[in-house]
Amino acid sequence: MTLTAISTVASDSSSPSALRRLSGLLRIGMGLLLFASIATQVTDQVWNDAFVATEYFGYFTIQSSLMNLVVLLVGGSLAVRSRVDPQLLTAVRMSVLTYAVVTGVVYNALLRNVVSDGFIGVGWPNEVLHVWAPIFIALDWILSPGRPAVAWKRLGYALIYPVLWVVYALVRGTTTGFYTYPFLDPGQPGGYVAVALYVLGIAAFITGLAAAAIAASRVRPRALETGTAT
């Protein structure tokens with residue numbers, strides 16, 4: 001076999017399939033849609049003199065959506081160029097996946113019918129952030145090729161950001177009186193006990209989601225585009 005032929009075979013074996021390239025383009029598309037959603041909300045609030053940066057960017061939904069935006073764009077760019085995602089990116093994807101799903105579930109179960117006493121802007125970005133992005137990110141984890149198995153020792157990674165965010169949200173709420181979500185306000189019925197139960201429940205939910213994501217990656221790893229395990 002000539003050097004040219006060997007080079008061609010090596011190049012083909014490391015090149016992503018058409019399906020992986022498609023998944024990469026879809027990730028980039030969803031990342032851009034998340035960016036457009038956040039940009040639209042900020043522009044709408046600024047235009048109507050309702051934008052408070054410390055409040056808007058203090059929401060778990062916005063912070064986690066910005067994380068997912070970056071992960072989708074980075075992951076999408078890698079998917080169109082290589083067959084397999086790096087281990088570090090996959091561990092980060094596992095974590096932000098749980099945040100996206102929690103955002104969707106908590107919003108639709110607890111917050112969708114809560115009447116806001118503040119500014120109500122354009123509606124479609126809210127649906128993208130709380131419905132379409134979580135669905136896409138979950139399906140992307142399950143279906144997209146190029147995902148290696150995640151080690152069980154990565155399970156705790158998913159809780160690092162939520163714990164830090166809850167501490168920040170409670171301290172900020174105590175000092176300013178502004179709580180990003182009603183269930184974090186100890187002034188509501190149930191007081192701090194109710195807040196603690198909500199926080200523990202969401203933490204348990206995140207842990208369960210992370211465990212399910214890791215299990216799925218190990219039972220059916222998609223590091224190879226044929227679906228075989230690594």
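Which residues line the largest cavity?

## The largest cavity

In this predicted model, a search of the whole structure finds two cavities of 30 Å³ or more. The largest cavity holds about 80 Å³ of space, and its lining is made up of Arg27, Asn68, Val71, Leu72, Arg93, Val96, Leu97, Ile137, Asp140 and Trp141. When these lining residues are sorted by class, six are nonpolar, one is polar and three are charged.

Three helices each supply at least two residues of this lining, namely helix 4 (60-79), helix 5 (87-111) and helix 6 (124-143).

## The second largest cavity

The second largest cavity has a volume of about 40 Å³, and the residues that line it are Leu34, Ser64, Ser65, Asn68, Ala100, Thr103, Leu129, Ala133, Pro134 and Ile137. Helix 4, helix 5 and helix 6 are the elements that give two or more residues to this lining, with helix 6 giving the most, four residues. By class, the lining of the second largest cavity has six nonpolar and four polar residues, but no charged ones.

## Threonine 103

One of the residues lining the second largest cavity is Thr103, which lies in helix 5. Is threonine 103 buried or exposed? Threonine 103 counts as buried, because its relative accessibility is 7% and the cut-off for a buried residue is under 20%. Leaving aside residues up to four places away in sequence, threonine 103 touches Phe60, Thr61, Ser64, Leu129 and His130; among these, Ser64 and Leu129 also belong to the lining of the second largest cavity.

## The largest nonpolar core

In soluble globular proteins, nonpolar side chains tend to be buried together. Here the largest nonpolar core has 43 residues, and the members that touch the most other members are Leu34, Met94, Trp165, Tyr181 and Leu184. At least two residues of this core come from each of helix 2, helix 4, helix 5, helix 6, helix 7 (157-176) and helix 8 (191-219), while helix 5 provides the largest share, eleven residues.

Tyrosine 181, when residues up to four places away in sequence are not counted, touches Tyr59, Phe60, Thr61, Leu111 and Trp165. Phe60 and Thr61 are also among the residues that threonine 103 touches.

## Helix 2 and the residue after it

Helix 2 covers residues 18-47, which makes 30 residues, and from its first C-alpha to its last it reaches 43 Å, close to the 44 Å expected at 1.5 Å a residue. Helix 2 is followed by aspartate 49, whose phi is positive, near 55°.

Key: Residues are numbered from 1 along each chain as its sequence is written. This is a predicted model: local features need pLDDT of at least 70, side-chain atom pairs count only at pLDDT 80 or more; totals for chains, interfaces and linings use all residues. Side-chain values use heavy atoms; hydrogens and water are left out. On a 1 Å grid over the protein atoms alone, a cavity is a set of points where a 1.4 Å probe fits but cannot get out, and a pocket is an open set with protein on both sides within 12 Å along at least five of seven lines; lining residues have an atom within 4 Å of a point. Grid points are joined across faces, edges and corners, and a volume is the space filled by probe spheres set on the points. Ala, Val, Leu, Ile, Met, Phe, Trp, Tyr, Cys and Pro count as nonpolar, Asp, Glu, Lys and Arg as charged, and the others, Gly among them, as polar. Buried means under 20% relative accessible area, exposed over 50%, partly exposed in between (1.4 Å probe, protein chains only). Contact means heavy atoms within 4.5 Å. The expected span of a helix is 1.5 Å times one less than its number of residues. A nonpolar core is a set of buried Ala, Val, Leu, Ile, Met, Phe, Trp, Tyr and Cys residues joined through side-chain atoms within 4.5 Å.
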